[in-house]
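Visitor: Please show me the model, and then take me through its parts by question and answer.

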Amino acid sequence: MSEKKAFVIDVARCSGCYNCQLACKDEYCDNNWMPYAKPQPDVGQFWLRVDPHECGTIPKVRMHYIPRLCNHCDDASCMVAAPDAVYRREDGLVIIDPEKATGNRALVDSCPYGVIYWNEELNLPQKCTGCAHLLDNGNGVPRCVEACPTDAFKFGTETELKELIAEAEVLQPLQPKSDHSPRVYYLNIPKGFIAGTVYDPVDREVVIGAVCLLTCGGDEWTVITDDYGDFWFENLQQERQYDLKIESTGFITKSFTALSPVKDINLGDVPLDRKA
Amino acid sequence: MEGNTDTSMSSRRDKVDIGADKQVIKGLSLIGTAEAGSPAVVDVKNGRITRIRPLDYEWKYDKQDFNVWKMEARGNSFGPPMHAVLGPIMTSYKKRVYSKNRVRYPLKRVDWDPNGAQGSTGPGGRNTQNRGTSKYVRITWDEAAEIVASELKRVGTTYGPEAVLSQSDGHCEGKHLQSARGCMGRLLSLLGGYTIQMRNLDSWEGWVWGGKHVWGCEPVGEMTPMADLYPDIAQHTDLLLFWGCDPETTAHAINGQMASRLCYWLSEIGIKSVYVCPDLNYGAAVHADKWIPVLPNTDAALHLAIAYVWLTEGTYDKEYIATHAYGFDKFQAYVLGEEDGEPKTPAWASEKCGVPEWTIKALARDWAKKVTSIVHGNGGPGIRGPYSTEPGRLEPMLLGMRGLGKPGVHQAKMIEWPMFTEHAPLPYQGKIQPVLPHFADIIPPARGLSGQGLGAYTPKPHTPELNEWFEAAGLPPTQFIPKCLVPDAILHPPISWWGMQSFFGPASDQFVKHTFPREGCSEIHMVWTDSPCWTTCWNDTNSFIEAMRQPSIECIVAQHPWLENDCLLADVILPVATKFELDDIGNDIGSGVFTSMYLENQAVDPVGESLGDFDVVIKIAEKLGLRDEVAGKLTSEQMRKLAFEWSGVHNLVSWEEFKAKEYFVIPCDNEEKTPGLRGFYEDPAANPLTTPTGLLEYSCTALEEHFPDDPERPPVAQWIETGESHDERLSSERTKDYPLLCMSNHPHWRMHAQADDITWTREIQTMKLKGPDGYMYEPVWIHPSEAKKRGIQFGDLVKIFNERGVVLGGAYVTERVMPQVAYMDHGARWDPIIPGEVDRGGVINTLTPHNIISKKATGMVVSGFLVEVARVTDEELAAWRRDYPEAFDRDYDLATGVSLSGWLIEP
C-alpha cells in the first residue's frame, strides 16, 4: 500500500448511467488543459468508457457495467515505451505529456489495457489524466468520481482505500499473464451464474423448497428454490464445469451434467415429474 | 519505475488555469412548468461553458443549517448526499446548448409565400403540401415579426381570432421568467381570443380515465397523498412490485438520480424487488431480484388472475373489503366467471399475458404472504396503451384486497415526488415547498369553463404587482381541442368528445361533452407552437403531419431553441435562447436530495440571434402596437425579486443574502407525517376517498350513472380483448401482417423529445446504432428468437411498420426483451423520407393508434400496438434514395444527427 492515488469501483453499485463517461467528456472535449492534456475529440474516444455486459437469457437476465479508464499502473508499459513523453507524478498518476508525445503513435499499442487513444487531428496519443489539473487546483476528486450518483467510484491513496482494495480485483490486460500493478480496482464483478425455475407440469405450480445441489470436483453448493421456484448459483468460475441435481419430496430427481458457465446459464423452466 | 517521475509539478500547476470567469447555478430538470430541478454549477470562461457539475450544497453554507433529513429502518439509515445528484442528460447538457441543431436566427420556409391565397401552390404560393420537405432561408427578426404579425391580423380578420391554434404545453427547460410555454397566450388573448390545444393527461392516461373512478386520488389518479411513503415502506414492506416502472430512466432528466440511490438502499435493507414489465428495463437490469416478463398492455389479464387466486384461496383482506369497498360482489362475480362463463384463472391469463401459469400463481401467493407495495415511474404500455382504463382501475382494486393504506401497503412513485401531494414521499423534505410563479399562463381553460391549467403552479393571490401582470392578459382562450384530437379537429370537423376542459380537472369533468368548433367559432387556419414535438410524442402522428400539410392551415409559426420535429412543418421558425443564456430564478422541489431555491444568472450570451421566450412574443407584439401590454412594466430583476418574495423563501432568508449566495437550502422539517392513505385505512368514514361513495369502488358509481352500457369501459373493470376503438392484441387477424406487440417506453436517453442531439449520448449503443450506411439509427429491441426468424443480426438496418407507416431503426438484438415484442423508445427526431409515411429518424409514434383510449375516454394510446419488423434490403433502400433524393441529400451531421445545416438554404 502506498500514498499513490487509486480508484476503487464497486460494480455492484454501478447503475450504468454513464455519468462518469459523460462527465469525462464534459471536462476534456473542447477544453484545453495544457500542459496536462489537449482536448479530447468530441466523439469516438473515451478516456473513460463504460462497457455494458448483458448476462443470461430471458427471464434470468442481468446487466452489469465496467467503467474502464487508465489504470495508472505502477509498472506502466507506456512509460517504458516512451520514457521521455510519459511521466508519473508524485501522487502516482501517469500522464502523457502532450508536447513530448506528439506523433508517438506507438504509445497507443503499448497499453496492455487498450485505454490510450490516437487523436488524429492533434497527431497525439491521449488518455485519462486522473483530472490532475483539477487535483492540483484544489478539486478533491476527478470528474468521473464526482459525477457518480451512487458513490460507486472511490478515489484516494492506496493507504486510505486499503480495506476496499483488499477485497478488490483488477482487470486483466489484453495480453494475459502480464502484471502491470494497475491502480484501478474493482469490487463485485459478477462471475458466471446457473439459474432456473423448477415447476410441476401436472399441477402447473412452481416447486418451492426443492433442493438444488451443484457440484464441481470436491466442491458443492446448495440452494433451495424460493417462492417463485427459482434457484440462482452465482459467482461461479467460468472455466470450470458443474453438475446439478434438483430434488424435491415426491418428485423424480433431475440432473444436469457438465454445465459450463462461460456464458451464464439459464436452464429455463425446469419440469419435475412426480414419482409414480 | 520512479526514473521519470515528474519533479516540476509546481511549475505545471502554475501554467494551467482551470478557473472560471464566473460560476452560475442552473437547475437542469427538463420537466419544465413545475420546477427547475437539480441544481448544477456551471463554469464559464471566455464566454463559453467550460463544465457542468453537481452543486455542493455546503459550498456557501454549513450543513448544520439544513437540518439534514434521515430515515431509519431495520437498523439502517438513508439520507441525502451533500451534493446534487445529476442525471446523464444534465451532465452532458452543454452539448444541448451548443448543438448544431440550434435555431440561430429567424427562418422562413423557402416556398411559403404569405401573400399566396389559401391552397396556392408553385411560385408565390403557400405550398402547404411541401411542409416537411422544403427547406428554409434566413430572414431578419424584423421580417419575421412583420410576417407573423400580419398573418395574425389577416387570419383574425378573415376567420375570427380563434382560427389561431396555440400549441403550448408539455415538457421543456424549467424556466420561470421567460417561461418556455404559454408566452404567446398573452398576445393572442389581447388580440381577442384563440383556440388552445389542451394537453391530454399523457403521463397518466389509465390512472386518470380509470383509476380515479376507483379511488379518487385527484388530480391524476395515482395514489395521493404520498406523505412519508418511503419511511413506511422501509419499515414495513417486504416486497416491492416495480410494475412497468423504470427508476433508472424516467427520473433521470426530471429529478436526477436520487431514485437510484433509494433503490440500492431498499435492496440493502432486505426488501425484495420484483419487476413486472416486457423489457428488462434499466432499473430491472441492476436492481431486480426477479424479472417477470409480461406482454405489453396485458397487465389487466395478470391482475385478474391474481384476484382469482386470492378469491378462490380466500387470501384477501375480507374485513377491509367489507368496510372500505363498494361493489366488490360484482367484481368477484366477473373474476369468477359468473357473468361471462369465463373464470379469469391463471391458465386463462397466461395465454394472454405470456407469464407462465405457475409463475402467476407464485406471484399471487407471494404477494398475499408479504406486505407489498407497488412502485411506478410513469411511462410503459400498461398506462399508455389501448384500454388503459382497465389496468388503471385493477391495480388499486388489487391493492384494496391487500388493505391499501395499512403499514407498508401503498402505491409509490420513483418520480414526481413533489407533485399532487402536500408532503413528499421522502421524509422531512423542507419546511416549505418554494413554488415560483410562471410569468406565462399555461394552458388555461377556455371561456366559460372551469379548471386549472398549469397555472396550478401559480396559485393566487399574488402580490399586487404580480396581479397586475397576470390581469393584463385576462382573456381566456375562446375554445379548446384536446391535444390527442388535433388531427381530427383539422381533418374532420366538427368533432365531439368527453371531458378534457382543463389539464387537472376533477373526475366529474369526464362526463361533460364538448364540440369543436364551438357554436359561431371558426375552424383552425393558423398554428403557433412553442412545443413543437407533437410528431414524436403523440398518437398516430402521421395523421398530425397530414393535418399540418392541409391547405386550410395557412400559416404555421414555431418558436424553439432547436430545429426539430414539428419545426420542420412550420413556415416561420423563431429562435429561442436556452436557460443558460437568460437570467432566471429556479427551485428544486423534486430531486429528493434537498429542497432549494437558487438564482439562475445568465451563463453565456444568447446563441445566434435567439431571444427569451417572452421576448420573441414581444417582437411580434411591437408590430401590432401591443408592446407595452405584452411586456408589462416589470424588469427581469423585478420579476426575480417578486418571485422570491412570493415563494415563501423570503421568510427564511433575506433577498440580499440570497442574491449574494445565489442559492438557499430550505431547512428540513422534522415532523413525521401520516403516511399515504393511512387515514382512510384506519377510518374510511372520517377520511373518505374522493369517489362518489367515499369508498374504493369496485363497480364505479359514476360510470354506473353516466355510461352503464359502455362496452369499452364498463362500471366493473374488465379484460377487453378488442372493441370498437382498438384491435391491438396478439389474437387479432391483423397479426397475419403485424405479429409483434410494440412497446414504447419513455426514452432512456431523452426527456421525451428533448436531448436527441447530444453527441456524447448518441455514441452509446442503447441510444443510437450506427447503420451500415453510417446513419445513426434509433434502436429497435427484438429478442434473438424473433430476429432469427427474420434473418436479422445485431446492428442491421430494419424497418418497423404497420398500416400507419414505416419507421427505420437499428436492430438491437437482446435477451432484455420478450419474444413477440418489438421495443422502441419514443422521442427520436423526425427525419422524413416521405412525410406522413416513412421516417428515418426513428419516430415510433408515427405508428401509434389513431383512436383515443376508448370512445368516452379522451386520452392517447402510444404503446402496446401491433407492428412487424423486417430487414431493410439494399434494393429497398436504393429505391428510397432514387425516389426521394432530397431526403438523403440533406446535410446530416454524423455526431449530432439532424442539424440546422440540413434544412438551411445558404445564400
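Visitor: How many bridges join strand β23(B) to β24(B)?
Guide: This is a predicted model, in which local features need pLDDT of at least 70, side-chain atom pairs count only at pLDDT 80 or more, and totals for chains, interfaces and linings use all residues. Residues are numbered from 1 along each chain as its sequence is written, while chains are lettered from A and ligands numbered from 1 in the order in which they are written. Strands (E, at least two residues) and helices (H or I, at least four) are DSSP runs numbered from the N terminus, and two strands pair if DSSP finds at least two bridges between them. Strand β23 (residues 596–600) of chain B runs antiparallel to β24(B), and the number of bridges joining them is 3.

Visitor: Which residue of β24(B) stands opposite S596(B)?
Guide: The open sheet here has 3 strands, in the order β22-β23-β24 (chain B), with antiparallel pairing. β22 (584–588) and β24 (663–665) of chain B are at its edges with a single partner strand each, so one side of each has no neighbour in the sheet. The residue of β24(B) opposite S596(B) is V665(B).

Visitor: Are α5(B) and α21(B) roughly parallel or roughly perpendicular to each other?
Guide: Axes are lines fitted to C-alpha atoms, for helices over the stretch in contact, and angles run from 0 to 180 degrees between N-to-C directions. Angles under 35 degrees count as roughly parallel, over 145 as roughly antiparallel, 65 to 115 as roughly perpendicular and the rest as oblique. Helix α5 (residues 183–190) and helix α21 (residues 613–623) of chain B pack at about 25°, their axes 8 Å apart. α5(B) and α21(B) are therefore roughly parallel.

Visitor: How many nonpolar residues are in the contact of α5(B) with α21(B)?
Guide: Two residues are in contact if their C-beta atoms, placed from the backbone, lie within 7 Å. C183(B), M184(B), R186(B) and L187(B) of α5(B) meet D613(B), F614(B), V617(B), I620(B) and A621(B) of α21(B). Ala, Val, Leu, Ile, Met, Phe, Trp, Tyr, Cys and Pro count as nonpolar, Asp, Glu, Lys and Arg as charged, and the others, Gly among them, as polar. The contact has no polar residues and 2 charged ones, and its nonpolar residues number 7.

Visitor: What is the orientation of α13(B) to α14(B)?
Guide: Helix α13 (residues 346–353) and helix α14 (residues 357–369) of chain B pack at an angle of about 115°, with 8 Å between their axes. That makes the two helices roughly perpendicular.

Visitor: How many charged residues are in the contact of α13(B) with α14(B)?
Guide: P346(B), A347(B), A349(B) and S350(B) of α13(B) touch E357(B), I360(B) and K361(B) of α14(B). The classes are 4 nonpolar, 1 polar and, for charged residues, 2.

Visitor: Which element gives the largest share of the side of chain A that touches chain B?
Guide: The contact takes 53 residues from chain A and 51 residues from chain B. On the side of chain A, the elements that each supply at least two residues include β2 (48–57), β3 (60–69) and α1 (19–28). The side of chain A has 23 nonpolar, 11 polar and 19 charged residues. The largest share, 6 residues, comes from α1(A).

Visitor: What radius of gyration does chain B have?
Guide: The radius of gyration is taken over C-alpha atoms, and the globule rule is 2.2 Å times the number of residues to the power 0.38. Chain B has 31 helices and 37 strands, and its C-alpha atoms fill a box of roughly 75 × 70 × 65 Å along the principal axes. A compact globule of 907 residues would have a value near 29 Å, which agrees with that of chain B, 27 Å.

Visitor: What radius of gyration does chain A have?
Guide: Chain A has 6 helices and 17 strands, and its C-alpha trace spans about 80 × 35 × 35 Å along the principal axes. For a compact globule of 276 residues the value would be near 19 Å, but chain A has 24 Å.
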